[in-house]
Amino acid sequence: MAGLVGEVFGGRLPVRIRAWDGSEAGPVDAPVVVLRSRTALRRLLWDPNELGLARAYVAGEIDVEGDLAEGLSRVWSLVRERPPALPTVRDQVRWARTAVRLGIVGRRPAAPPEEAVLSGEKHSTDRDSDAISYHYDQSNDVYQALLDEHMAYSCAYFREDPATDPGAADGSYTVTDAQRDKLELVCRKLGLEPGMRLLDVGCGWGSMILYAAQHHGVHATGVTISAQQRDHIEKVVAERGLADRVTVRLQDYRDVPLPAEGPYDAISSIEMSEHVGQEQYPVYADTLHRLVRPGGRVLVQAMSHPSAPGGGAFIERYVAPDMHMRPTWQTAEMLARPGLELRDVESIREHYDWTVRAWAQRLEDRWDDVTAIIGEAGARIWRLYLAGGGLTFAENRMGVDQLLFVKPRPDGRSDMPATRRRW
């Protein structure tokens, strides 16, 4: 088995392997991949790719001793150095003989029951609701265990690299502070002032609308298609006495009406547009343009990917079904098409790696609590998702940006400050 794996990776094993009989091979200083049963290899025989590995890990047939992210990074670095070549007929025959000797030939194993199965037309309102519900309606308790006090499930904004920030080392500056700094940055970029009306499209658990109402005195409206998120926000609004300033609606972005008072003064949409889909993105852009007043600003925080719109087989089956990303310049172009003017772009790619590390540490610290809520397989999905997700940003295979637009007035005035100093 080690010989075959080493052959694929150019003669080197990126990790140590331990088989179900206790035999081991590979570098002693590397994370150990534990193959608990032949079923793991049978999955890879049928799906020799990311999906086969993910299914085996979720099912508990493969485990990792040591740092999971380090193990994934070692594999990725060797793939970049020597992309696996297509096997020859001779290779396939030899591998088949090895598979027979190992006793792994057999019927395709069933996918773990946690895998998402959606039906209906892609990015129809019903299917979008099912896709969002699959990931976001697991349980508010899970997200409260993993996220910060703001319940912000998006990239934070760190004032320094946590590796060099003394505040991170002594615990005085945490992901909670970084999420607060992100929310404050968005409020400043949008130019929020007391009495203004803010719409947050895809409001999550309400971090943006709650913060903007409390700290900038705005009247904030959030829309989400997750019932769990709506219920959480309504509970917090009641606890904080914000009913006169914060409204949340269970509503698809395509159904948001123009308020009787006229268009909103500002709109935010933080890592929601990835769920819109390529075909519906013009509708999303038109909606933002229609709902903001002339002179009003729109901020979209969006993830980007240069080549794989869905983020990979694991993400599509176990995390965010029907997710769609694109290069940042394409997102900016599509958002500008209805008449919004792009005024600022800020890449915060490294910040997502730092954010995900904090979530991953919280997962390990609260492992027993999380598994009690969503089971061992559910917790393993989160562990693999966070380990792999952090790497995609750290290694520049995905990005995330804040794109700030304005809807110019008919005479061309933008009402924008002359420089960035205000934020």
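Modeller: Let us begin with a charge and a ring.

Biologist: Why is Arg326 said to lie over the face of Tyr281?

Modeller: A charge sits over a ring if NZ of Lys or CZ of Arg is within 6 Å of the ring centre and within 35 degrees of the ring normal. Arg326 lies at 4.2 Å from the ring centre of Tyr281, so the distance meets the limit of 6 Å. Arg383 also lies over a ring face, that of Trp367, at 3.8 Å from the ring centre.

Biologist: On what basis are such values given?

Modeller: The model is predicted, so local features need pLDDT of at least 70 and side-chain atom pairs count only at pLDDT 80 or more, whereas totals for chains, interfaces and linings use all residues. Residues are numbered from 1 along each chain as its sequence is written, and side-chain values use heavy atoms, with hydrogens and water left out.

Biologist: What makes Tyr153 and Trp382 a tilted aromatic pair?

Modeller: Rings of Phe, Tyr and Trp (its six-membered ring) pair if their centres lie within 6.5 Å; planes under 30 degrees apart count as stacked, over 60 as edge-to-face and the rest as tilted. A search of the whole structure finds 14 such pairs. In the pair of Tyr153 and Trp382, the centres are 6.1 Å apart and the planes make 50 degrees, so the pair is tilted. Tyr153 lies in the loop between helix H7 (140-146) and helix H8 (166-169), and Trp382 in helix H16 (residues 367-394), so the pair ties together parts that are 229 residues apart in sequence. Helices here are DSSP runs of H or I, at least four residues, and strands are runs of E, at least two, numbered from the N terminus. Ring pairs link both residues into a cluster that includes Tyr143, Trp205 and Phe393.

Biologist: Is Cys155 buried or exposed, and how do you know?

Modeller: Buried means under 20% relative accessible area, exposed over 50%, and partly exposed in between (1.4 Å probe, protein chains only). Cys155 has 0% and so counts as buried; Cys187, with 1%, is buried as well. Ser129, in helix H6 (residues 125-136), has 28% and is therefore partly exposed.

Biologist: What makes a set of residues a nonpolar core?

Modeller: Such a core is a set of buried Ala, Val, Leu, Ile, Met, Phe, Trp, Tyr and Cys residues joined through side-chain atoms within 4.5 Å. The largest one has 40 residues, and Tyr153, Met303 and Trp382 are among those with the most contacts inside it. Tyr153 and Trp382 are both buried, as the term requires. H16 gives the largest share of this core, eleven residues. Apart from it lies another core, of 28 residues, including Leu198 and Ile270.
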